[in-house]
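Trainee: I'm new to this one. Could you walk me through how to read it?

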Amino acid sequence: MGSSPLLILLVLSLSVSSYAKLTTNYYAKSCPQFAQIVRDAVVGKQVATPTTAAGTLRVFFHDCIVTGCDASLLIASSATNKAERDAEMNINLPGDAFDVITRAKANLELTCPGIVSCSDILAQATRDLIKMVGGPFYEVRLGRKDSLFSRATDVDGKLPSQQMTMEQIFALFAARGFSIEELVALLGSHTIGFSHCKEFANRIYNNSLTSDVDPTLNPEFAKGLKKLCVNYQKDNSMAAFNDVVTPGTFDNMYYQNLKRGLGLLTIDQKLLADPRTRPFAERFAANQTDFFNVFARSIEKLSRLDVKIGKNGEVRHRCDAFNTKQI
C-alpha cells in the first residue's frame with residue numbers, strides 16, 4: 001500500500017506520545033465553563049444553520065489530516081503567506097464552520113482570556129455537533145496548542161480527492177496510521193452535508209466514451225443530479241446532499257445508499273466496488289451500532305493526530321491569526 005511498517009510505527013508512536021499529554025479535564029481549573037460555552041455556541045449556530053455540523057466535521061478532518069489537529073486551517077492568508085485555508089482543496093469549505101469556532105472563541109476569551117486553544121475548540125465543537133445530529137458520543141481529550149504556521153502548499157496530496165485511485169487513498173490513510181476499516185468508517189462522515197457539483201460532475205457528464213453517466217449510479221438519481229447541476233460551471237455554489245435520504249441525520253444510511261446506487265461521489269461508490277472496503281461498508285450498512293463504535297474510535301484517534309503541545313504551539317488570541325505577525 002506504499003507505506004513502510006517503520007513509517008506506520010513512527011506515526012503511531014508519535015500519536016501515543018501526544019495522547020499521553022492530553023486529558024479530558026484539562027480546563028477543569030483554568031476554565032471550568034469551557035464545555036458549556038462551546039456547547040452554547042454550537043447549539044445556537046446549528047439551530048440557525050443546520051448545515052453547520054457537516055461543515056465543521058469537514059473542516060476538522062481537513063485540519064487534522066494535513067499537519068495534525070492544530071487549527072492551522074483556521075488561519076487567514078496574509079500578503080506574505082498563502083495559508084491552508086486558501087489551498088484549492090479547501091476553497092469551498094463552508095463559512096458557517098469557521099463562524100461557530102469564532103463565536104465560541106470570542107465567548108471563551110471573555111470568560112477565560114488566553115487559556116483555551118482554537119484547536120481544542122474545534123475538536124470539542126465537532127464532537128458536540130456530531131452528537132447533536134444523532135451521531136455517537138466520544139470523549140475529547142484536551143490540551144492541544146495552536147500551530148505556529150499554516151501553508152497552502154502543505155495541503156498538496158494530503159487530502160483524498162476524486163482523482164485518486166483506491167491504492168493512493170489507502171496509502172494516504174495508512175501513512176497517518178489508519179486501517180482500511182477506520183478509513184471506511186471516517187468516510188461515513190458523508191452521511192451528513194453536501195458536495196458541490198464540480199466534485200461529482202464526472203459521474204453525470206461525459207463519464208466515458210460509451211456512457212454519459214456513470215452506470216453504477218441509480219438512473220433516476222443521476223437524472224435528478226443532471227437537472228440540479230446543469231449550470232454548475234457558471235455557478236460554483238451549486239451542490240447536492242451527500243445522503244439524499246436522511247441528509248441532516250448522522251446515521252448509517254450513507255452505506256445503505258451505496259447498495260442502491262445513491263453514492264454521490266466517486267470515492268463513495270468505490271467503497272462498495274473494491275473488495276478490500278466492501279466488507280466494512282456492508283457491515284456498517286447492516287449495523288448502525290457497529291458503525292458508530294468504529295467511527296467514534298476512529299475520529300477520536302484522528303483528534304489526537306500530530307497535536308502540538310508545549311512550545312511547539314501557542315494559544316491564539318484570535319483563531320484566524322497568529323499571536324506574532326509572520327514575516
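This is a predicted model: local features need pLDDT of at least 70, side-chain atom pairs count only at pLDDT 80 or more; totals for chains, interfaces and linings use all residues.

Trainee: Which domains does the assignment give?

Mentor: Domain bounds come from an automatic or database domain assignment. Here that gives domain 1 (33-154) and domain 2 (166-302). Their C-alpha centres lie 23 Å apart. Contact means heavy atoms within 4.5 Å, and the contact takes 23 residues from domain 1 and 20 residues from domain 2.

Trainee: How do I read the area buried between domain 1 and domain 2?

Mentor: Buried area is the accessible area (1.4 Å probe) that two parts lose on being put together, summed over both. For this pair of domains that comes to about 1800 Å², with 70% of it from carbon and sulfur atoms. On the domain 1 side, Ile65, Asn92 and Pro136 supply 27% of the area buried against domain 2, more than any other three residues.

Trainee: And how many salt bridges cross the interface of domain 1 and domain 2?

Mentor: A salt bridge is a side-chain nitrogen of Lys or Arg within 4 Å of a carboxyl oxygen of Asp or Glu. By that rule, two cross this interface.

Trainee: Which helix gives the most to the side of domain 1 that touches domain 2?

Mentor: Helices are DSSP runs (H or I, at least four residues), numbered from the N terminus. Helix H3 (residues 52-67) gives the most to that side, with 10 residues. As for residue types, Ala, Val, Leu, Ile, Met, Phe, Trp, Tyr, Cys and Pro count as nonpolar, Asp, Glu, Lys and Arg as charged, and the others, Gly among them, as polar. That side of domain 1 has 14 nonpolar, six polar and three charged residues.

Trainee: Is Asp120 buried or exposed?

Mentor: The cut-offs are simple: buried means under 20% relative accessible area, exposed over 50%, and partly exposed in between (1.4 Å probe, protein chains only). Asp120 counts as buried because its relative accessibility is 0%. You'll find Asp120 in helix H5 (residues 118-132). Leaving aside neighbours within four places in sequence, Asp120 is in contact with Tyr27, Phe34, Arg141, Leu142, Gly143 and Arg144.

Trainee: What does Arg141 meet in a salt bridge?

Mentor: The side chain of Glu300, at 3.1 Å, N to O.

Trainee: Why does the pair of Asp306 and Arg176 tie together parts that lie apart in sequence?

Mentor: Look at the salt bridge first: the closest N and O atoms of Asp306 and Arg176 are 2.9 Å apart. Asp306 lies in the segment after helix H13 (288-302) and Arg176 in the loop between helix H6 (166-175) and helix H7 (180-187), so the pair ties together parts 130 residues apart in sequence. Asp306 is partly exposed at 24%, whereas Arg176 is buried at 14%.

Trainee: Which side chains meet Glu181 in salt bridges?

Mentor: Arg283 does, at 2.9 Å, N to O, and Arg297 does, at 3.1 Å, N to O. Arg297 lies in helix H13 and Glu181 in helix H7, so that pair ties together parts 116 residues apart in sequence. Glu181 is buried at 18% relative accessible area, while Arg297 counts as partly exposed at 43%.

Conventions: Residues are numbered from 1 along each chain as its sequence is written. Side-chain values use heavy atoms; hydrogens and water are left out. Helices (H or I, at least four residues) and strands (E, at least two) are DSSP runs, numbered from the N terminus.
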